[in-house]
Amino acid sequence: MVAFGKKLRESQIQEWQEYYIDYKLLKKKLNRHTQQVEVGTENHLIVLKDFSRLLDCQIEKFVMFLLEQQGILASRLSNLREQYDSLLQQADGEKVCELREAYRSVGRDLLRILFFVEMNAIGLRKILKKFDKRFGFKFTNYYVKTRANHPYSQLRQVCKHVGIGAVVGAISRNLADLQDHRGSYISIYDQPALSHPDPVVDSIRTAVDRLSNSTNFLHYLGKHALIMQEEFPSSSEDPIDDSTYHFMSLLLNLANTFLYMVNTYIIVPTADRYTMTLGAAATVCGVVIGSMAVAQVFSSVYFSAWSNRSYMRPLVFSSIVLLVGNTLYALAYDLDSLSVLLIGRLFCGLGSARAVNRRYISDCVPLKLRMQASAGFVSASALGMACGPALACLFQTNFKIYKLTFNEATLPGWAMVLAWLVYLLWLWISFREPSRETKENVVPDESTSAGRYIDSSPETKENALPQESNSGRFINISVDDNSTQPLLMNSNAKQQDEDGDEDCDDAEEDSKELQRPVNSIVSAYRLLTPSVKVQLLIYFMLKYAMEIVLAESSLITGYYFIWSTSSVAIFLACLGLTVLPVNVIVGSYISNIFEERQVLLASEVLVCIGILLSFHILNSYSLPQYVGSALLTFVSAEVLEGVNLSLLSRVMSSRLSRGTFNGGLLSTEAGTLARVVADGTITLAGYLGVSKVLNTTLVPSLFFCVCSIVATCFTYNSLY
């Protein structure tokens with residue numbers, strides 16, 4: 001274990017040493033305040049104000065220096081711009097190379113600035129965390145809340161890098177122009193994909209991505225998928241080589257996601273009629289729909305564990321099981337067997353490979369494409385959710401081939417049999433299993449200080465975040481053992497606090513412990529903080545509410561409004577089609593205006609209002625009341641899901657991004673369990689009569705929603 005204070009001193013850029021946050025001074029001040037509070041000579045309010053003022057001064061010191069360095073880079077870029085303009089008048093290859101190298105030199109200096117900001121931000125986060133631990137209250141929440149969004153606060157420079165972005169843009173654009181110095185009129189702003197990559201630019205983008213807390217659409221969707229990206233990749237991790245990335249394999253994973261969602265919802269409009277045909281009550285449709293979710297509770301675990309060893313084999317197994325399950329579902333009609341119907345749906349649930357789909361994107365897609373792939377995962381899920389009921393609407397026919405019946409009840413099963421058969425052949429022909437060879441790329445360098453490592457792979461030497469050592473070499477350094485924590489986030493890792501040594505910081509958890517995957521349910525549970533538990537409760541609640549709306553729609557609309565299968569299918573398809581537009585609006589606009597925790601609480605309240613409006617209280621139950629309340633509940637739950645998973649990815653321990661029992665699996669299990677409970681509630685409510693189903697199923701929804709709102713209020717200040 002290496003003290004952070006020592007590591008900070010050793011990794012500082014020597015000529016900028018006086019402009020770093022004085023971590024030692026802050027720690028001494030904190031120790032003094034602790035002693036004075038213990039003996040009663042100071043109260044907490046005075047300590048709060050005094051320490052806040054000291055932090056403000058320290059931040060102002062390094063931010064003013066940061067602005068000065070940005071100005072120097074801007075001046076150098078302005079001079080290079082003049083040289084470039086004069087170079088356009090003459091074609092001199094040697095001068096083009098010199099100018100290109102000059103831009104790269106500016107880029108390397110920018111990397112030093114980014115590293116400087118990173119080190120100060122980590123120091124700030126750690127001293128805030130130490131203050132919280134010593135005094136037992138959330139000083140971090142107070143400090144960040146009052147400074148982060150204030151227009152005159154220097155803390156904004158730590159999180160928002162407008163000036164740095166302009167410098168990056170100038171370097172990227174000019175390097176791209178100089179790479180193709182033959183009169184091309186295509187700008188990187190018009191077609192970014194056509195820009196020529198440069199190792200320096202790639203390194204800058206990686207560093208900026210680590211410092212930025214982006215809220216654009218793709219990042220929002222990626223968090224919605226809960227495919228967590230590590231914001232501080234450690235030097236020991238081998239980056240995914242672009243040459244090993246296989247687009248067709250990614251496409252096959254997204255296709256699997258799409259088909260599974262279609263398979264889930266294609267039977268919803270006709271499930272009640274199918275069960276009645278087999279001699280059961282219409283409310284047994286809840287068991288039929290929920291049986292798939294019951295099996296998914298178990299399949300998610302073994303698929304997650306299987307993905308540690310292979311990706312293709314679980315996908316092949318999933319396709320075969322789903323093919324068998326849908327065949328049994330379709331044959332149940334001619335066999336006149338409810339048991340065969342339920343077994344078929346259980347088989348479909350056992351083929352749920354969503355854990356593999358998520359894991360493939362996390363492990364096998366390059367970092368620069370991972371957010372797009374994550375957005376594709378969410379989009380494929382949403383499209384499948386809409387297409388399932390829409391396809392059911394097309395199957396309004398009835399005919400026989402030999403002894404097999406093809407009608408609105410069986411055609412969804414036969415259609416999915418054909419779809420999974422085609423997918424299985426495509427998978428067998430086109431999928432490429434990624435290499436799982438582990439490389440020992442990081443070796444300790446005895447000439448460097450403790451905590452420093454030199455990356456021996458040639459790829460990472462080019463793209464490493466630079467740190468200038470005393471000898472002038474650039475090395476790749478992991479400055480923070482808790483490498484996946486955001487810069488200003490609270491760490492979930494436990495620390496040992498030793499007050500006796502002023503020169504040493506708290507001992508951090510061993511890096512091997514932090515990098516170790518979570519492969520047991522006990523280890524996963526120990527990492528669940530109150531904030532994580534509340535977010536999982538919210539996810540359970542919203543999935544329960546959505547499943548009630550979707551699963552009982554055919555039953556409720558048939559009883560109150562005498563809707564046909566086609567009408568139910570169109571209604572469900574319209575609900576599914578709201579998913580992507582809602583995510584666009586929230587990801588592109590709302591999340592840029594409001595804090596995510598504010599959107600979270602507002603969405604919970606709207607879900608609660610939608611549930612209350614759904615109750616059948618008066619004698620007449622109107623169509624506008626049902627459609628309006630169902631739409632409000634579903635859309636609010638969709639907004640809530642995206643924000644909930646985004647916050648979950650922040651408050652969850654970094655260890656839960658790896659291993660069998662990862663964050664994606666835990667959220668999937670919570671959502672799947674909610675669907676099981678919701679579908680079971682529908683069936684149990686059926687024993688009271690169809691007229692009582694609506695209100696009976698809404699009571700648990702309202703209870704879960706109120707509980708989640710109360711829990712959110714209790715943990716509200718920890719949701720940063």
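Okay, a quick word on terms before we start: helices (H or I, at least four residues) and strands (E, at least two) are DSSP runs, numbered from the N terminus. What we have here is a predicted model, where local features need pLDDT of at least 70, side-chain atom pairs count only at pLDDT 80 or more, and totals for chains, interfaces and linings use all residues. Residues are numbered from 1 along each chain as its sequence is written, and side-chain values use heavy atoms, with hydrogens and water left out.

So, the overall picture. The protein has 28 helices and six strands. Of its 720 residues, 55% count as buried, where buried means under 20% relative accessible area, exposed over 50%, and partly exposed in between, with a 1.4 Å probe and protein chains only. Contact means heavy atoms within 4.5 Å. Take the contacts between residues at least 6 apart in sequence: 81% of them join residues at least 24 apart.

Now let's go to helix H17, residues 411-430. How far apart are its end C-alpha atoms? They are 28 Å apart, which agrees with the 28 Å that its 20 residues should span at 1.5 Å a residue; the expected span is 1.5 Å times one less than the number of residues. The buried residues of H17 include Trp414, Trp420, Tyr423 and Leu427. And what covers the buried ones? Helix H10 (247-265), helix H13 (312-335) and strand E2 (404-407) are among the covering elements.

Let's follow those three, H10 to begin with. Methionine 248 sits in helix H10, and it touches Trp426 and Ser430, leaving aside residues up to four places away in sequence. Methionine 248 and tryptophan 426 are 178 residues apart along the chain, yet their C-alpha atoms are separated by 10.0 Å.

On to E2. Strand E1 (residues 398-401) pairs with E2 in the antiparallel sense over four bridges; for pairing, DSSP has to find at least two bridges between the strands. Lysine 400 stands opposite threonine 405 in E2. The hairpin of E1 and E2 has two residues between the strands, and tyrosine 402 takes a positive phi near 55° there.

Last one, H13. Valine 324 is found in this helix, and valine 324 is partly exposed because its relative accessibility is 32%.
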